[in-house]
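Please walk through the local backbone and helix packing in the model below.

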Amino acid sequence: MNVLLEDIEGLITYNNLNNLLNYKKITMDSRCVEKNDVFVAIKGNRLNGNDFAVDALERGASFVILDDRDAYRKVNGAKILVEDSLRALKSIGKQKLKQYKGKIIAITGSAGKTTTKELLSLILGVKYRVYKSYKNYNNLLGTYLNAANLDIESDFAIFEIATNSFGEIEQLSNYIRPDLAIITNIGFSHIGNFKNEDLLAREKLSIAKPDSVKTLWTEYNLYKRYRELINKDLSIFTFTNNYKDNAYIRLLDYYIKENHISYLVNISDYTFDFSLRHIYKQFVFDSLAPIGIAFNNQINKKDINNALSCFKALDGRGDIIKSGGIKIIDDTYNASFDSIVTSIDSLDEIENVNKIFVLGEMAEIDGYEDCLYNRLYEIVKNKKNISFVLVGNNYLKFRDLINVQYCDEKNRAISKVEGLLTHTKTTYIVIKASRRESFDTLIGPLKSLGEKVNVV
């Protein structure tokens, strides 16, 4: 990859560099630096990246970008001093986007963004060269970094963009200027940062505001409710999990087995069967737009199914860990209300297994706590074939339910789970919480429990 030094915004000075900068990739983490990478020093709330520039050069960085004069003077080697590293990173990404000749796809929504991106990348990758944004780097900083690392030779570039505040999605969409936009859904994720669902929906819909966007894929009911806000010049494709809806792609039926889901999809009046190696039906819904986009780009059903067979949920986002007589579904990254409900429903539909659901508290639902926890109470009460281990003060009133084990902090959840295990059936354990709760620390102890369980 290369960019012009003179085009980096806020450039102050540099040393041991030519005007054309060549690099392998850009990173903000000095521990991840490999030979010929670029390290960009970002000042965070806890750490100042400028303090790690020397370490980055020692690890093989071709040059470092700093915005601290004192740190710049202390560094020997190829280096650049700028007014602001974030602004410089943004300008490097902007150069790469201007050079790019492929199609850019942007994905947003309350849930399912990362899974949709992974599925779309897998399926398009059957026929095309695809660049996808790293992990869930979907805020301003992450988008600038992903743009700076854009593979110029790819046919498709897939970006995931999110928001915590008004105007952020439109800002990011204006920056990457996508050709095609996807809105997975509108739910209660981040609802605490907005006054109501309508304002959150308007924020998500702003992904399609740039004049570069020609095509929008959106959930059917979202389109029906907000069609007046959507640019009439766009090509609109809708998808739904309700076979009665008049959508372009409809999920007709599905069957959850112990290790996979088989499902039927109708696309523009043609029906196709697919299979996904997981038990989460939300992943089936996440696959609908990618399947439709694949068909519209001349990828056939056989190749789509081959791609789906390679799908593996990411760490903390539903990956399945087998240990002895139990299967742990690690869903410790996100606990939005909508994703909790679909995870519970998916577990409920598996037959002939013991089912345990370990759940932490929801996040970013300020102002909606009573409403959402009351709704969740009714759902839990009616799922009598699932044993719930609920952690946190917001679940105090759930203690009266016969299928609930309550504990006030997460480390006590392990003993509750142990008492619910059986040697007569395989046990599925879903462990779900918001990232800030760090429930991933329970995975190790749960694996140890599984090693002691032998199903007869």
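Asn352 sits in the loop between helix H11 (337-348) and strand E19 (354-359); helices (H or I, at least four residues) and strands (E, at least two) are DSSP runs numbered from the N terminus. Although Asn352 is not a glycine, its phi is positive, at about 60°. Asn352 is exposed, with 66% relative accessibility, where exposed means over 50% relative accessible area, buried under 20% and partly exposed in between (1.4 Å probe, protein chains only).

The model is predicted, so local features need pLDDT of at least 70 and side-chain atom pairs count only at pLDDT 80 or more, while totals for chains, interfaces and linings use all residues. Residues are numbered from 1 along each chain as its sequence is written, and side-chain values use heavy atoms, with hydrogens and water left out.

Ser268 also has a positive phi, near 50°, and is a residue other than glycine. Ser268 lies in the loop between strand E15 (261-267) and strand E16 (270-276). With a relative accessible area of 38%, Ser268 is partly exposed.

The helix pair comes next. Helix H5 (residues 140-148) packs against helix H6 (residues 168-176) at an angle of about 10°, and their axes are 11 Å apart; axes are lines fitted to C-alpha atoms over the stretch in contact, with angles from 0 to 180 degrees between N-to-C directions. H5 is therefore roughly parallel to H6, a term for angles under 35 degrees. From H5, Leu140, Thr143, Tyr144 and Ala147 meet Glu168, Gln171, Leu172, Tyr175 and Ile176 of H6, contact being heavy atoms within 4.5 Å.

Technical notes
Angles under 35 degrees count as roughly parallel, over 145 as roughly antiparallel, 65 to 115 as roughly perpendicular and the rest as oblique.
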